Amino acid sequence: MLKKINKQQHVTSVYDASLIRFPRFLDPRGNLTFIEQERHIPFKIARVYWIYDVPGGARRGAHAFREQCEVIIALSGSFDVMLDDGSAQKIVHLNRPYHGLYVPNMIWRRMQNFSTNAVAYVLAEHPYKETDYIREYREYTELMQGER
Ligand code: TYD
């Protein structure tokens, strides 16, 4: 079980984002994957949302969350998640419905290079709250500089 990062001891970095492998039941009738909150997800899931019908070249989710952690799954198709902590960057290509990318709070992230019919399925720690978003990259980097 992954532990949530304690912000007082640790400044979050892109290296805290990690790939979670969910269980897979391979079956000639079609494969099956499941998630149990207590076993596979490092937070209590308060909300699920999904992004679909993304036109070629479009980018989504260029922001960070002050408090919220998420797990991002390419339920169908593929896309890249660009992670940035104001110092290092990392791009994770998601193309398996049994992989989830754990993204801690206070990581700038953007989704891009969506394939045709891609579905980004996101497990979120909190209900939607606009004030939890940091939508200006400059504000984000200033906050991170203050942490370091
Ligand atoms: P947003 O997270 O801003 O998408 P992106 O960062 O990819 O542009 O969401 C777009 C809009 O959808 C936002 O203005 C409000 C609404 N929204 C909700 O009402 N509830 C939700 O759970 C989410 C994720 C978005």
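Me: How many nonpolar, polar and charged residues does the shell around the ligand have?

Reply: Keep in mind that this is a predicted model. The residues around the ligand are R47, Y49, R60, G61, H63, Y128, Y133 and R135. Tyr counts as nonpolar and Arg as charged, while Gly is among the polar ones. Sorted by class, the shell has three nonpolar, two polar and three charged residues.

Me: Which strand gives the most to the shell around the ligand?

Reply: Two strands, β4 (47-51) and β5, each supply at least two residues of that shell. R60, G61 and H63 are among the residues around the ligand, and β5 covers residues 60-65. With three residues, the strand that gives the most is β5.

Me: How much of the ligand does the protein bury?

Reply: A polar side-chain atom of R47 lies 2.3 Å from an oxygen atom of the ligand, and a polar side-chain atom of Y133 lies 2.6 Å from a ligand oxygen. For G61, a polar backbone atom is 2.7 Å from an oxygen atom of the ligand. Taken alone, the ligand exposes 520 Å², and the share of this that the protein buries is 58%.

Me: Where does β5 sit in its sheet, and which residue stands opposite H63?

Reply: The open sheet has five strands with antiparallel pairing, in the order β8-β7-β10-β5-β12. Its edge strands are β8 (89-94) and β12 (133-134), and β5 lies between β10 and β12. Strands β5 and β10 (residues 108-112) pair over two bridges.

Notes:
Residues are numbered from 1 along each chain as its sequence is written. This is a predicted model: local features need pLDDT of at least 70, side-chain atom pairs count only at pLDDT 80 or more; totals for chains, interfaces and linings use all residues. Side-chain values use heavy atoms; hydrogens and water are left out. Two strands pair if DSSP finds at least two bridges between them. Helices (H or I, at least four residues) and strands (E, at least two) are DSSP runs, numbered from the N terminus. A residue is near a molecule or strand if one of its heavy atoms lies within 4 Å of it. A polar contact is a pair of N or O atoms within 3.5 Å; within protein, one must be able to donate a hydrogen and the other to accept it, and residues adjacent in sequence count only if both atoms are side-chain atoms. Accessible areas come from the Shrake-Rupley method with a 1.4 Å probe; for residues, only the protein chains shown count as cover.
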